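Trainee: I would like to learn how to read a model like this one, feature by feature. Please give the general idea each time, then the case at hand.

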Amino acid sequence: MADMYSYEPKNGHGLPHDPFNAIVGPRPIGWISTQSKAGIVNLAPYSFFNAFNYIPPIIGFSSVGYKDTLRNIEETGEFVWNLVTSDLVEAMNQSCAPYPPEVSEFDATGLEQAKSTLVVPPRVAKAKVAFECKCTEIIQLKGISGEKAQTWLVLGEVVEIHIDKSLLKEGIYETSEAGHVLRGGGPGDYFTIGKEQLFKLYRPQ
């Protein structure tokens with residue numbers, strides 16, 4: 001039997017850095033663009049992000065703390081997810097700086113906007129994939145005690161998808177060629193994936 005390090009999270013982990021994020025990872029990054037009712041565009045990355053349903057396609061992210069992105073979605077019901085790839089990783093990192101609400105991260109990072117089709121918030125023009133979304137649910141999370149956490153899960157239906165055609169090979173999206181960047185654990189760990197990590201495993205019939 002392995003020598004296990006065990007702890008109850010409610011009592012603290014006793015380690016230099018909480019291992020939870022590192023274990024549940026690497027994770028895709030929720031790089032979310034929104035627009036406030038006043039017309040100010042926001043762009044921010046979220047570590048807790050994933051897809052939750054095929055039909056209809058639903059994605060979601062958690063905002064730890066009540067932030068501009070969450071407020072904008074509450075106001076407008078719309079957001080865009082932008083794929084973070086290796087060529088955009090520095091801009092993504094810069095977009096998580098603590099800018100005030102009246103400052104657009106697009107302006108602060110020098111990123112170009114692209115007009116969305118079915119929602120108001122713009123896309124990141126250089127993003128190789130973007131999902132236009134309409135919010136379906138916002139859920140404030142709570143623990144087993146019933147006490148609410150200062151974290152909100154935002155779910156949205158994907159109503160329009162944009163894919164760089166160079167990533168479609170015979171109609172199949174090539175994940176290993178896109179340069180996806182994933183969030184790991186620790187203070188600043190990230191990962192990329194490529195063909196060297198690819199293997200095939202088909203479901204039993």
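Trainee: How much space lies in the second largest pocket?

Mentor: First, the ground rules. This is a predicted model, in which local features need pLDDT of at least 70 and side-chain atom pairs count only at pLDDT 80 or more, while totals for chains, interfaces and linings use all residues. Residues are numbered from 1 along each chain as its sequence is written, and side-chain values use heavy atoms, with hydrogens and water left out.

Now the general idea: rolling a probe the size of a water molecule over the atoms shows where empty space is left. On a 1 Å grid over the protein atoms alone, a pocket is an open set of points where a 1.4 Å probe fits, with protein on both sides within 12 Å along at least five of seven lines; lining residues have an atom within 4 Å of a point. Grid points are joined across faces, edges and corners, and a volume is the space filled by probe spheres set on the points. Here the second largest pocket holds about 330 Å³. Its lining includes Tyr-7, His-13, Asp-18, Phe-48 and Thr-151.

Trainee: By class, what does the lining of the second largest pocket have?

Mentor: Five nonpolar, four polar and one charged residues. The classes are: Ala, Val, Leu, Ile, Met, Phe, Trp, Tyr, Cys and Pro nonpolar; Asp, Glu, Lys and Arg charged; the others, Gly among them, polar.

Trainee: Which residues lie nearest the centre of the largest pocket?

Mentor: Pro-45, Tyr-46, Ser-47, Lys-67 and Cys-96, out of 22 lining residues. The volume of the largest pocket is about 550 Å³. Twelve of its lining residues are nonpolar, six polar and four charged. Strand S3 (41-46) gives the most to this lining, with four residues. S5 and H2 also each supply at least two. Helices (H or I, at least four residues) and strands (E, at least two) are DSSP runs, numbered from the N terminus.

Trainee: Which residues of H2 are buried?

Mentor: A general point about helices: an α-helix has 3.6 residues a turn, so residues three or four places apart point the same way. The buried residues of H2 are Asp-68, Thr-69, Leu-70, Asn-72 and Ile-73. Buried means under 20% relative accessible area, exposed over 50%, partly exposed in between (1.4 Å probe, protein chains only). Among the elements that cover these residues are S3, S5, S6 and S10. After H2 comes Gly-77, with a positive phi near 75°.

Trainee: Why does Ile-59 count as buried?

Mentor: Ile-59 counts as buried because its relative accessibility is 3%. Ile-59 belongs to strand S5 (residues 58-64). Beyond its neighbours within four places in sequence, its contacts (heavy atoms within 4.5 Å) include Phe-49, Phe-79, Trp-81, Cys-133 and Val-158. Ile-59 and Cys-133 are 74 residues apart in sequence, yet 8.4 Å apart in space, C-alpha to C-alpha.

Trainee: How many aromatic pairs does the structure hold?

Mentor: A pair of aromatic rings is described by the distance of the centres and the angle of the planes. Rings of Phe, Tyr and Trp (its six-membered ring) pair if their centres lie within 6.5 Å; planes under 30 degrees apart count as stacked, over 60 as edge-to-face and the rest as tilted. The structure holds six such pairs. Phe-49 and Trp-81 are stacked, at 5.3 Å centre to centre and 10° between the planes. Phe-49 is in strand S4 (residues 49-53) and Trp-81 in strand S6 (residues 78-82), 32 residues apart. Both Phe-49 and Trp-81 are buried.

The ring centres of Tyr-66 and Trp-152 are 5.6 Å apart and the planes are at 80°, so this pair is edge-to-face. Tyr-66 is partly exposed at 45% relative accessibility, whereas Trp-152 is buried at 11%.

Trainee: Which peptide bond is cis, with omega near -5°?

Mentor: Most residues other than glycine have a negative phi, and most peptide bonds are trans. The bond from Ile-55 to Pro-56 is cis, with that omega. Pro-56 sits in the loop between S4 and S5. Another cis peptide bond joins Gly-25 and Pro-26, with omega about 0°.

Trainee: What is the phi of Glu-170?

Mentor: Near 55°, a positive value in a residue other than glycine. Glu-170 is exposed, with a relative accessible area of 84%.
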